[in-house]
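Please have a look at it before I go on.

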Amino acid sequence: MVHFIDISLPLHGKTVVYPGNPRVKIRTLRGKTSWHSEIMLGSHTGTHVDAPRHAFRDGGGVDRLPLQAFYGPCRVLDLTRVAGAVTAGDLAGYRIRAGERILMKTRNSRRGFSRWRDDYVWLTGEAAAWLAQRRVSLVGIDSLSVKQRGSPDNRPHTALLSRGIPIVEGLDLSKVRPGRYVFIGLPLKLMGLDGAPLRAALLG
Ligand SMILES: [Zn+2]
């Protein structure tokens with residue numbers, strides 16, 4: 001039997017959002033014979049993917065990202081010793097190859113996601129460019145942004161998104177041991193949008 005490890009953040013009214021992003025609002029309504037809900041959700045809420053449109057005005061929307069990037073073998077890298085930023089030097093020992101899906105487990109996962117912390121671990125612009133050069137097929141991280149908050153260096157987004165490499169943010173890797181898995185997580189088909197939530201899991 002296939003064993004799924006859920007690596008998605010829960011979505012509810014108290015879900016922590018990136019500063020300035022809309023809060024999650026859910027209102028459940030009663031019909032005559034059923035219930036249905038109205039959901040207000042930012043496109044970068046919880047576990048989600050960034051599409052090229054997030055960094056480029058004319059970039060492709062989330063519906064244009066190839067679905068094959070979101071299903072297949074992946075590696076979870078142990079970057080839990082890194083404080084501050086993940087650099088190309090931190091990644092250099094991993095022999096990363098073209099086509100790989102790379103998920104970065106940092107101390108963000110250990111600290112949890114119940115409140116916002118400004119000092120999360122992010123990816124440097126230089127490390128993002130290094131990953132883009134290696135032509136990975138997907139990059140994931142356990143923070144709500146791959147980029148340092150407030151930094152003028154947007155290469156963590158642009159280096160990857162300019163090559164059409166999806167960035168999955170808001171992964172909860174706290175229950176995952178570094179190693180090889182199969183990743184699955186398909187984004188919602190929100191036409192032309194800059195990002196979309198997804199339900200992500202590892203098959204181990
Ligand atoms: Zn995002």
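By a nonpolar core I mean a set of buried Ala, Val, Leu, Ile, Met, Phe, Trp, Tyr and Cys residues that are joined through C-beta atoms within 7 Å. Please keep in mind throughout that this is a predicted model.

The largest such core here has 41 residues, and the members that touch the most other members are Val49, Leu103, Val139 and Leu160. Several elements give two or more residues to this core, among them strands β5 (71-78) and β11 (179-184) as well as helices α3 (125-133) and α4 (155-161). To take Val49 as an example, its contacts, leaving aside residues up to four places away in sequence, include Val62, Leu65, Pro166, Ile167 and Val168, and also Ala196 and Leu198.

Now, how many of the six residues of strand β3 are buried? The number is zero, so this strand, residues 35-40, lies largely in the open. Strand β3 pairs with β2, residues 25-30, in the antiparallel sense over six bridges, and a hairpin of four residues joins the two. Within this pairing, Arg27 stands opposite Glu38.

As for the chain as a whole, it comprises four helices and 13 strands, and 40% of its 204 residues count as buried. Among contacts between residues at least 6 apart in sequence, 74% join residues at least 24 apart. The radius of gyration is 17 Å, which agrees with the value near 17 Å that a compact globule of 204 residues would have, and the C-alpha atoms fill a box of roughly 60 × 45 × 35 Å along the principal axes.

Definitions and conventions. Residues are numbered from 1 along each chain as its sequence is written. This is a predicted model: local features need pLDDT of at least 70, side-chain atom pairs count only at pLDDT 80 or more; totals for chains, interfaces and linings use all residues. A residue is buried if 20 or more other C-beta atoms lie within 10 Å of its own, exposed if 12 or fewer, and partly exposed in between; C-beta atoms are placed from the backbone. Two residues are in contact if their C-beta atoms, placed from the backbone, lie within 7 Å. Two strands pair if DSSP finds at least two bridges between them. The radius of gyration is taken over C-alpha atoms; the globule rule is 2.2 Å times the number of residues to the power 0.38.
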